[in-house]
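Please keep the sequence and the model in view while reading.

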Amino acid sequence: MDAEEAVRRNVILVLDQVQDAARGRRVVVVAATKTQPPELVRAAVAAGIRDIGENRVQEAADKKRELGDLDVHWHMIGRLQRNKVKAAVSLFDVIQSVDSLDIAAAIEREASARGLVLPVLVEVNIGMESTKGGVDPAAAVSFVEGLREFPHLRVEGLMAVPPAGPDPESSRPFFRRMRALQAEIESCGFPHAPARILSMGMSADYVVAIEEGATMVRIGTAIFGPRAGR
Ligand SMILES: *Cc1c(COP(=O)(O)O)cnc(C)c1O
């Protein structure tokens, strides 16, 4: 079996498991494609993937040059640097990693210049790890509320990467806290922040994430196999 065939099979397996866990709810699978070559991304799309997540602006730009014909949504899921915001707004349909007013203000300027309202997610540092991006969970509601001053951002929901644990169950309490936060923000009814999306769960723990209310999972290894390097 060649690599493309393996990816196609993996996508079918993952979509199947997602559907089982979702019990009739709609859950979007974002393929996390960092380090993966364009032909494998193409294979994933051929098997049913409609959303692509990239971590780095330059890598996304390179890949989009070869994959611009695909009918997919491009998601920025990595940490975004201030000086990459202009390129990011031109490349991505969704930015999932908004975690500072500084980045939000930069996105606002670019989106406004382009005359568009960009869907974004607010990243929450649910494990409060110093090595990770994301806003403090205790500050998440007021952070989302504060984004109202940026009319060219639309806060569609929250994203999180819980601390790495020994097994999928160790992520469950973090997913549960994320679900509570998302429900709290959604119930605020902020016009600029409908906040219906909850992007959480990766290859190791996406079934648990969906059980706890994820509406979007980001999956790399389970589709493409192990990454070389990072
Ligand atoms: C790489 C990555 C994923 C996917 O991780 P896997 O464990 O390979 O499924 C999901 N989210 C983010 C932010 C990532 O960087």
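Against which elements do the buried residues of α5 pack? In this predicted model, they pack against the helix α4 (85-91) and against β4 (94-98), β5 (118-123) and β6 (153-159).

**Helix α5**

- Helix α5 covers residues 101-114, and its 14 residues reach 20 Å from the first C-alpha to the last, which is close to the 20 Å expected at 1.5 Å a residue.
- The buried residues of α5 include Ile 103, Ile 107 and Ala 111, and among them are also the acidic residues Glu 108 and Glu 110.
- The run Ala 104, Ala 105 and Ala 106 likewise belongs to the buried residues of this helix.
- Just after α5, Gly 115 adopts a positive phi of about 70°.

**Overall fold**

- The protein chain contains nine helices and eight strands, and its C-alpha trace spans about 50 × 40 × 35 Å along the principal axes.
- Because a compact globule of 230 residues would have a radius of gyration near 17 Å, the 17 Å found for the protein chain agrees with that expectation.
- Of contacts between residues at least 6 apart in sequence, 62% join residues at least 24 apart.

**Burial and surface**

- Buried residues account for 52% of the 230 residues in the protein chain.
- The accessible surface comes to about 10800 Å², and carbon and sulfur atoms contribute 50% of that area.

**Aromatic rings**

- A search of the whole structure finds zero aromatic pairs.

Key
Residues numbered from 1 in each chain as written. Predicted model: local features only at pLDDT ≥ 70, side-chain atom pairs only at ≥ 80, totals over all residues. Heavy atoms only, no water. Phe/Tyr/Trp six-rings, centres within 6.5 Å; stacked < 30°, edge-to-face > 60°. Helix = DSSP H or I, 4+ residues; strand = E, 2+ residues; numbered from the N terminus. Rg over C-alpha atoms; globule rule 2.2 N^0.38 Å. Buried < 20%, exposed > 50% of the residue type's maximum accessible area, 1.4 Å probe, protein only. Contact = heavy atoms within 4.5 Å. Areas by Shrake-Rupley, 256 points an atom, 1.4 Å probe, with all protein chains shown as cover. Expected span 1.5 Å × (residues − 1).
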